[in-house]
Amino acid sequence: QVQVVESGGGLVQAGGSLKLSCAVSGGTFSVYPMGWFRQTPGKEREFVASITWTGSTTFYADSVKGRFTIARDNAKSTVSLQMSGLKPEDTAVYYCAAAQIASWLRNRYSNRLAYDYWGQGTQVTVSS
């Protein structure tokens, strides 16, 4: 069974940086496209960033482009999200997700339906 576990959340001041990590076990990490999403109370879970299974291509939401960087290490079965220039509106629970390639190809990378395995989330709070 595939397990996805996020870590690295916390409290940071506006303008600061934080790095989230996600470890995947129980499957073949190197064939999973990976994504990060975030959610605030009362709102839909929204796409943040994603990366192909080879790591050759990345995608970002407009709201984080130029500030966040997604990367993966297939040897360690991990994916990270480096966040800089944080803003109070980045406050959310951040979720890591892994996709089966078939799901990924059926759905847009920014669609939650493209992802099959989800972590429990990690809280990021940005104070003003």
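The legends below cover the overall fold, the disulfide and the nonpolar core of a predicted model.

Residues are numbered from 1 along each chain as its sequence is written, and side-chain values use heavy atoms, without hydrogens and water. In this predicted model, local features need pLDDT of at least 70 and side-chain atom pairs count only at pLDDT 80 or more, while totals for chains, interfaces and linings use all residues.

**View 1. The protein has one helix and eleven strands.** Helices (H or I, at least four residues) and strands (E, at least two) are DSSP runs, numbered from the N terminus. The order from the N terminus is β-β-β-β-β-β-β-β-β-α-β-β. The C-alpha trace spans about 40 × 25 × 25 Å along its principal axes.

**View 2. The one disulfide of the structure is formed by C22 and C96.** Their sulfur atoms lie 2.1 Å apart, where a disulfide is a pair of cysteine sulfur atoms within 2.5 Å. C22 sits in strand β3 (residues 18-25) and C96 in strand β9 (residues 92-98), 74 residues apart. The link of C22 and C96 is left-handed, with -80° about the S-S bond. C22 is buried at a relative accessible area of 1%, and C96 is buried at 0% (buried: under 20% relative accessible area, 1.4 Å probe, protein chains only).

**View 3. The largest nonpolar core holds 37 residues.** Such a core is a set of buried Ala, Val, Leu, Ile, Met, Phe, Trp, Tyr and Cys residues joined through side-chain atoms within 4.5 Å. M34, W36, V79, L81, M83, Y94 and Y115 touch the most other members. Strands supplying at least two residues each include β3, β4 (34-39) and β8 (78-83). The largest share, five residues, comes from β9.

Terms used: Buried < 20%, exposed > 50% of the residue type's maximum accessible area, 1.4 Å probe, protein only.
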